Amino acid sequence: MIKKHLDEIEYRFGTYGPGYSIRGPRTDLGVCQLHPGDDAVNHYHAAIEETFVVLEGEATLWVDGRESYTCTKGDVFQMEPGEQHYFVNNSDSVFRALFIKAPYDPNDGVQVPWTPGEPLPELAPGR
């Protein structure tokens with residue numbers, strides 16, 4: 001049994017970005033926290049599916065650089081393997097979303113540099 005508290009998370013970039021509460025052995029669980037103006041790098045996972053549950057705030061989720069969704073408290077989004085996902089917080093409050101990734105593979109992440117307004121990113125192989 002593993003017991004953690006979401007307030008104990010250390011975020012990748014100090015006060016924002018992804019932060020893990022549980023890493024493996026079968027799943028990852030954590031929180032993505034973005035302050036106003038923050039974003040999370042556009043990326044995908046080759047074999048992992050990732051589910052997001054919005055806990056608070058509002059952000060825009062871009063999928064494959066082609067579709068955008070407004071994310072608000074209570075929304076749930078499941079990303080399939082190969083789907084690029086990019087969050088940006090253009091609101092005036094903190095955005096927090098719980099994420100669950102499975103199966104566990106700490107090396108399955110492919111960054112695809114892209115932000116809205118740039119040419120469309122190349123899709124993951126097989127998409």
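The legends below describe close-up views of a predicted model. Residues are numbered from 1 along each chain as its sequence is written, and side-chain values use heavy atoms, with hydrogens and water left out. Because the model is predicted, local features need pLDDT of at least 70 and side-chain atom pairs count only at pLDDT 80 or more, whereas totals for chains, interfaces and linings use all residues.

View 1. Antiparallel pairing gives the strand order 1-2-9-4-7, where strands are DSSP runs (E, at least two residues) numbered from the N terminus and two strands pair if DSSP finds at least two bridges between them. Strand 1 (17-23) and strand 7 (76-79) stand at the edges with a single partner strand each, so one side of each is left without a neighbour in the sheet. From one strand to the next the twist averages 20°, taken between lines fitted to C-alpha atoms, with angles running from 0 to 180 degrees between N-to-C directions. Within this sheet, strand 2 (residues 28-34) and strand 9 (residues 95-102) run antiparallel and are joined by 7 bridges, and Leu34 stands opposite Phe95 in strand 9.

**View 2. The hairpin of strand 5 and strand 6.** Strand 5 (residues 58-63) runs antiparallel to strand 6 (residues 67-72), and 6 bridges join them; Ala59 stands opposite Cys71 in strand 6. The hairpin has 3 residues between its strands, and Asp64 in the turn has a positive phi of about 55°.

**View 3. Aromatic pairs.** The structure holds 7 aromatic pairs, counted where ring centres of Phe, Tyr and Trp (its six-membered ring) lie within 6.5 Å, with planes under 30 degrees apart taken as stacked, over 60 as edge-to-face and the rest as tilted. Tyr20 and Phe99 form an edge-to-face pair, 5.2 Å centre to centre with 85° between the planes, and this pair links distant parts of the chain, since Tyr20 lies in strand 1 and Phe99 in strand 9, 79 residues apart. Phe99 is buried, with a relative accessible area of 2% (buried means under 20%, exposed over 50%, partly exposed in between, with a 1.4 Å probe and protein chains only). Ring pairs also link Phe52, Phe87 and Phe95 into a cluster.

**View 4. Residues around the centre of the largest pocket.** Among the 25 residues that line the largest pocket, Arg12, Pro18, Tyr20, His43 and His45 lie nearest its centre; a pocket is an open set of points on a 1 Å grid over the protein atoms alone, where a 1.4 Å probe fits, with protein on both sides within 12 Å along at least five of seven lines, and lining residues have an atom within 4 Å of a point. Strand 1 gives the most to this lining, with 4 residues.
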